[in-house]
Amino acid sequence: RQMCKETAIIEQGLASGEFRSAEPAADIAWRFIALVCGLDGIYALDAQALDEAAFSRYVNKMITLELF
């Protein structure tokens with residue numbers, strides 16, 4: 001089974017010491033994918049007040065919580 005691009009990026013960051021996590025890289029990647037797909041759906045449906053700035057803020061917060 002081939003590794004997804006997101007998992008490979010996370011593994012490289014963990015190996016180089018740029019990222020820190022005790023979680024498997026694949027689990028982190030799937031959580032990122034789920035968050036972005038969910039936010040994208042909300043943004044596309046205009047179901048809530050979710051602008052590009054909020055979208056970026058939520059993704060950046062998750063990156064910080066997951067990898068730093």
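Is the crossing of H1 and H2 right-handed or left-handed? The crossing of H1 and H2 is right-handed; that is, the near helix is turned clockwise from the far one by less than a right angle. This is a predicted model, where local features need pLDDT of at least 70, side-chain atom pairs count only at pLDDT 80 or more, and totals for chains, interfaces and linings use all residues. Residues are numbered from 1 along each chain as its sequence is written, and side-chain values use heavy atoms, without hydrogens and water.

Start with the first pair. Helix H1 covers residues 5-16 and helix H2 residues 25-45. Helices are DSSP runs (H or I, at least four residues), numbered from the N terminus. The two axes come within 8 Å and cross at roughly 130 degrees. That makes H1 oblique to H2. Oblique covers the angles left over once those under 35 degrees (roughly parallel), over 145 (roughly antiparallel) and 65 to 115 (roughly perpendicular) are set aside.

Which residues of H1 and H2 meet? Glu 6, Thr 7, Ile 10, Glu 11 and Leu 14 in H1 touch Ala 25, Ala 26, Ile 28, Ala 29, Phe 32 and Ile 33 in H2. Contact means heavy atoms within 4.5 Å. By class, this contact has eight nonpolar, one polar and two charged residues.

Now follow H2 to its other partner. Helix H3 spans residues 52-67. The axes of H2 and H3 come within 11 Å and cross at roughly 165 degrees. H2 and H3 are therefore roughly antiparallel to each other. Their crossing is right-handed. On the H2 side, the contact includes Leu 35, Leu 39 and Tyr 43; on the H3 side, it includes Phe 55, Val 59 and Met 62.

Conventions
Axes are lines fitted to C-alpha atoms, for helices over the stretch in contact, and angles run from 0 to 180 degrees between N-to-C directions. Helices (H or I, at least four residues) and strands (E, at least two) are DSSP runs, numbered from the N terminus. Ala, Val, Leu, Ile, Met, Phe, Trp, Tyr, Cys and Pro count as nonpolar, Asp, Glu, Lys and Arg as charged, and the others, Gly among them, as polar.
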